[in-house]
Amino acid sequence: MTTAIDGTSTYAEDEITDDGYNDPGRSSADAAGDASGPAEELFPGDTGVLAAAVRNTLVRVMTSRFIDGVRRPDLWNAVLTHETVLASRLHDLYVELVIDRAHQVAFTRQVDIEDVPVLLRREKAMPALTAVLLLHLREEYERGAVEGSPTVVDHDLLIDHLDVWKQADDQDAATFRKRSENAITALKDRQILVPVSEGRYRISGIIVPLFTPEKIALLTEAFEEIATAPDPPRPGPRPDSAGSPPAVTGAASTQSPGQDSLEQAGART
């Protein structure tokens with residue numbers, strides 16, 4: 001489960017930074033830094049003990065949803081280089097550094113203990129359609145992993161996949177298309193879908209530690225509940241015995257069986 005700090009923003013993939021990454025003017029020794037020795041004073045009154053490169057990496061880790069080693073190999077290598085000191089500083093804040101070397105991702109997670117201040121905010125639950133898309137992407141990523149290549153998916157094919165989940169009583173194709181587009185946008189915003197060209201996305205490796213077996217089981221249970229549920233009644237008034245429509249006293253529910261479980265599975269992703 002990936003979390004982020006309140007008020008932070010993510011950086012663009014082609015962002016030019018001034019923190020020493022990809023700077024040919026800096027030596028490898030300067031980039032590595034020395035966390036144990038005296039640090040250079042970086043601003044008036046600076047009492048920090050970490051070298052600039054280590055501080056920069058720590059800030060990046062804390063202000064990013066996650067570090068994608070494919071997208072930012074420079075930052076990924078810095079995290080691995082300074083892993084011990086980064087983890088120690090984060091532990092001081094009741095936060096863990098999670099590194100998944102197999103999928104080249106790293107992220108922070110709130111330590112699960114009681115009666116301590118909470119630094120990381122909870123993500124809002126995803127809508128059901130976004131959770132459906134997330135499961136599909138998880139399966140596609142695993143398929144690509146077996147083939148040994150990055151998994152790239154097409155926008156139109158994602159729309160087609162979601163279209164099969166259009167409820168039988170939902171006659172508004174435009175509204176459903178908008179919901180489908182919103183689901184894709186939500187996963188782009190979370191950097192789970194990384195644009196590689198027009199209408200094509202790479203699935204980030206974060207989807208594996210993010211979408212745990214527990215969440216997959218929860219979604220599977222929800223899908224089974226939806227599949228075995230009777231068709232919901234169509235909303236709207238029906239004529240009475242005289243042929244006149246009765247007064248409408250409230251909107252009919254459009255929530256399908258299993259929707260709550262779908263949204264729960266999409267929470268904090």
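## Sheet, helices and cores: asking for reasons

Author: In this predicted model, three strands form an open sheet in the order S2-S4-S3, paired in the antiparallel sense. The edges are strand S2 (67-68) and S3, each of which pairs on one side only.

Reader: How do you know that S2 and S4 are paired?

Author: Pairing takes at least two bridges between the strands, and two bridges join S2 to S4, which run antiparallel. In one of the positions, Ile67 has Ala106 in S4 as its bridge partner.

Reader: What packs on the sheet, touching S2, S3 and S4?

Author: That's H3, whose direction makes about 115° with that of S3. H4 packs on the sheet too, touching S3 and S4, and its direction makes about 150° with that of S3.

Reader: And over how many bridges do S3 and S4 pair?

Author: Six, again antiparallel. Asp100 stands opposite Val105 in S4. The hairpin of S3 and S4 has four residues between the strands.

Reader: Why is S3 called largely enclosed by the rest of the structure?

Author: Because five of the six residues of S3 are buried. Buried here stands for under 20% relative accessible area.

Reader: What makes Gln104 stand out, given that it is not a glycine?

Author: Its phi is positive, about 55°. Most residues other than glycine have a negative phi. Gln104 is found in the loop between S3 and S4.

Reader: Is Gln104 buried, exposed or partly exposed, and how do you know that?

Author: Gln104 has a relative accessible area of 34%. The buried class lies under 20% and the exposed class over 50%, so Gln104 is partly exposed.

Reader: Where is Gln191 found, and what about its phi?

Author: Gln191 is in the loop between H7 and strand S7 (193-197). Gln191 also has a positive phi, about 65°, without being a glycine. With 12% relative accessibility against a cut-off of 20%, Gln191 counts as buried.

Reader: Which residues of H4 are buried, and what do they pack against?

Author: In helix H4 (residues 83-91) the buried ones are Val85, Leu86, Ala87 and Leu90. The buried residues of H4 pack against H2, H3, strand S3 (95-100) and S4.

Reader: What makes a set of residues a nonpolar core?

Author: The residues have to be buried, belong to the nonpolar types such as Leu, Ile and Val, and be joined through side-chain atoms within 4.5 Å. The largest such core has 31 residues, and Leu133, Leu137, Leu158, Leu187, Leu193 and Ile207 touch the most other members. Several elements supply at least two residues each, among them helix H6 (155-163), helix H7 (173-189) and strand S8 (200-203). The largest share, eight residues, comes from H5.

Reader: Which residues does Leu137 touch, not counting residues up to four places away in sequence?

Author: Leu137 touches Val153, Leu158, Leu187, Leu193, Ile203 and Ile207. There's also a second, separate core of 18 residues, including Ala51, Leu58, Ile67 and Val85.

Reader: How many helices and strands does the chain have, and what percentage of its residues is buried?

Author: The chain has 10 helices and eight strands, and buried residues make up 41% of its 269 residues.

Note on methods. Residues are numbered from 1 along each chain as its sequence is written. This is a predicted model: local features need pLDDT of at least 70, side-chain atom pairs count only at pLDDT 80 or more; totals for chains, interfaces and linings use all residues. Side-chain values use heavy atoms; hydrogens and water are left out. Buried means under 20% relative accessible area, exposed over 50%, partly exposed in between (1.4 Å probe, protein chains only). Contact means heavy atoms within 4.5 Å. Axes are lines fitted to C-alpha atoms, for helices over the stretch in contact, and angles run from 0 to 180 degrees between N-to-C directions.
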